[in-house]
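Subject: Structure for your review

Hello,

Here is the structure I said I would pass on. My notes on what was found in it follow below.

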Amino acid sequence: MKKLIIVVFALLTTVIIQAQTQVIAHRGFWDTPGSAQNSIASLVKADSIGCYGAEFDVRLTKDNQLVVNHDSSFKGRFMEKTNVSRLTKLSLSNGETLPTLQEYLARARELNIRLILELKKHGSDKRETQAIEQIVAMVREMGLEKRMEYITFSLHATQEFIRLAPAGTPVYNLDGKLSPRELKEMGCAGPDYHYSVFKKHPEWIQECHDLGMKVNAWTVNKKEDMQWLISQKADFITTDNPVLLQEIIK
Ligand code: MG
């Protein structure tokens, strides 16, 4: 009996240590009927297929409101130079109107999926700090603090998320330039880099794990790249094809 307990314990420990690679739907699960990139439908669909997280992009409008959209301009309107009332009249390809962050998070409250919020680069550091202050306040009010992870290319925004979000909130940098040690010293949860960076520095994955950090790679859509990252024990893969990635992990 004692022997059996030891074996079971050893097996459980192995399972915990060799945690599976988790799937993050890039801009939500958008490549499926009725969905669109960064739409509320893409969030709901990513949740419905059991993704770990839905990634989405956030921008601050001219009148300092937060909206969910990838590009600096959409249908000819520059996000930072247009008021929210105009932007939210624009339709996404699935017929939804462009969502505010408030609307997006309100729907997320009814789901379980983790929320991988990317703050895009803005015209100034000041605007990025303003966006982050508003994001952190909104998330707190909506009771979503424990489900958030923040990602950004901007070094300033990375530092500001670490400063302003509750301690322990995962913050990842996307830019691909900082070494694992530099990320650790900054207080990042780890790198969320283009997968080509890890192909160039495969040792960074183990280095991150040794430093107690996690590794995410974007945007991985080819089977062989997914398989390589899984074999290297990447913690997360961000993909436009979450269904394919789920099949490979299985
Ligand atoms: Mg993004």
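Helix α5 (residues 125-141) packs against helix α6 (residues 155-164) at an angle of about 35°, the axes being 10 Å apart. Axes are lines fitted to C-alpha atoms, for helices over the stretch in contact, and angles run from 0 to 180 degrees between N-to-C directions. Helices (H or I, at least four residues) and strands (E, at least two) are DSSP runs, numbered from the N terminus. The α5 and α6 crossing is right-handed (the near helix is turned clockwise from the far one by less than a right angle). Contact (heavy atoms within 4.5 Å) involves residues including Ile132 and Val136 in α5 and Phe161 and Leu164 in α6.

This is a predicted model: local features need pLDDT of at least 70, side-chain atom pairs count only at pLDDT 80 or more, and totals for chains, interfaces and linings use all residues. Residues are numbered from 1 along each chain as its sequence is written, and side-chain values use heavy atoms, with hydrogens and water left out.

Helix α10 (residues 223-231) and helix α11 (residues 242-249) pack at about 50°, with axes 10 Å apart. α10 also passes α11 in a right-handed crossing. Lys223, Met226, Gln227 and Ile230 of α10 make the contact with Leu244, Leu245, Ile248 and Ile249 of α11.

The magnesium ion is coordinated at 2.0 to 2.2 Å by Glu55 (OE), Asp57 (OD) and Glu118 (OE). Donors are N, O and S atoms within 2.8 Å of the metal (3.2 Å for Na, K and Ca); water is not among the atoms, so sites may look incomplete. Glu55 lies in strand β2 (residues 53-60) and Glu118 in strand β6 (residues 114-119), 63 residues apart.

Regards
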